[in-house]
Amino acid sequence: MAEPRVLVVGAGLGGALLARRLQDAGAQPVLIGAGIDGPEGGYADATAASGGLVRAFEPDPAARSLATASLAELLADPMLAEQAGWRESGSLYLLDAGDLDLVAGVGAPGIEVLTGTQVARRFGFDRLPERSAAVWEPHAGYIVPDRLRRAALAGLDRTEATPVARLDDDTVELRDGRRLTGDLVVVAAGAWTPGLLRSAGLTTTLRTKHIQYAHYAVARNDLPCFVDETSGLYGRPAGPGRLLLGLPSTRWDAEPPTPEPDVDLTEQVRATALLRLPGLDPRPLGPPVSAVDCYSEPAGLALRAVAGTAHTFTFTGGSGGAAKTALAASRLAATALLTNRSAVNVPTG
Ligand SMILES: Cc1cc2nc3c(=O)[nH]c(=O)nc-3n(C[C@H](O)[C@H](O)[C@H](O)COP(=O)(O)OP(=O)(O)OC[C@H]3O[C@@H](n4cnc5c(N)ncnc54)[C@H](O)[C@@H]3O)c2cc1C
């Protein structure tokens, strides 16, 4: 049987990697939306805005397994690491000591559990709650997701720049009126996905949510990537004396690509960072990065069949965390699409 022609809608990290995995497996993907330009000639999407923190540890087992496999692939392939702009900074995941059973069996090189006191001594984190502990991964760090996306796009045989205007199961109508037909259609349009599905009369549980971070000046240069579950604060090094910092937003159903910055959230970051990171200058270095990602329940970048269609799937739902899972999630999705097409058994969303 001939390998299927798969229309992949959206050239973010998800769509670009999925198209590459499909092509490498012998299928005929057509990536639609490659080259949609943002204000400065680049992409204006979650992939372009992403902080790119990658590590193996995640509290959720499914995300942990994908993140672990993605990091292992990156560390095993120097060319891939170079293409992704990989920087090894280490990763600290601060959590309540009662949740440490989640660390058992995580297959990350050199992974270690630290007490709150050790974290305070080694990295200068202040005023941690009494029961804090941390998962330390010396060989984690961050990538530049936009670079990884561009590397994946560069190897594709068939791309189509014109965006999709309308979905119609196995056919998509482009904004210039042309219609393309595939054996399968995968909507990987990130935060635009819920809108595209709804305008085709389809229901979805996918939603969008705002994500915001800014850069700050910090006195020390040895801070790793970190997530502090005890306060919500996350960050990563961003050049000498600079730190990227953010807190989770609660603004659901935000419009992509760049919603108005949330000044209250900026103030919350300032207050939280002052508590945890002595020596930080609490004035942001410039305006915040304000962007949107597609959120799913359960969270995570995954292939999902679209209810009411025979041939349409989504591949999005990164929920603010897909830079670290995309390598493994795209491999899994391509395999699911190609191995047993008539019985792809994935949750609807
Ligand atoms: C600010 C921010 C920080 C983040 N930080 C991290 C992090 O530190 N670590 C981590 O693991 N994850 C992080 N993430 C999450 C991760 O970057 C995203 O989950 C991931 O990049 C989403 O990729 P995507 O391909 O699903 O969506 P997107 O990157 O949004 O791509 C969707 C693409 O679809 C295109 N499109 C839209 N409509 C159409 C149409 N009609 N036709 C054709 N194409 C269309 C868009 O132009 C876009 O290029 C962050 C996300 C954000 C927003």
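Select the shell around the ligand: by class, it has 21 nonpolar, 13 polar and three charged residues (Ala, Val, Leu, Ile, Met, Phe, Trp, Tyr, Cys and Pro count as nonpolar, Asp, Glu, Lys and Arg as charged, and the others, Gly among them, as polar). This is a predicted model, where local features need pLDDT of at least 70 and side-chain atom pairs pLDDT 80 or more, while totals for chains, interfaces and linings use all residues. Numbering starts from 1 along each chain as its sequence is written, and side-chain values use heavy atoms, without hydrogens and water.

In total, 37 residues surround the ligand, each with a heavy atom within 4 Å of it. Highlight D45, T47, S50, V164 and D293, the closest.

Next, show the polar contacts (pairs of N or O atoms within 3.5 Å). A side-chain N or O atom of D293 is 2.6 Å from a ligand oxygen, and a polar backbone atom of L53 is 2.9 Å from a ligand oxygen. At G320, a backbone N or O atom lies 3.3 Å from a ligand nitrogen. The protein buries 96% of the 1,000 Å² that the ligand exposes when taken alone (Shrake-Rupley accessible area, 1.4 Å probe).

Now colour the open sheet of six strands, ordered β9-β2-β1-β13-β21-β20 with mixed pairing. Strands are DSSP E runs of at least two residues, helices H or I runs of at least four, and strands pair if DSSP finds at least two bridges between them. Which strands are at the edges? They are β9 (159-160) and β20 (302-305), each pairing on one side only. Zoom in on β20 and β21 (residues 312-316), which pair in the antiparallel sense over four bridges; A305 has F313 as its bridge partner.

Methods: Polar contact = N/O pair within 3.5 Å; in protein donor to acceptor, adjacent residues only side chain to side chain.
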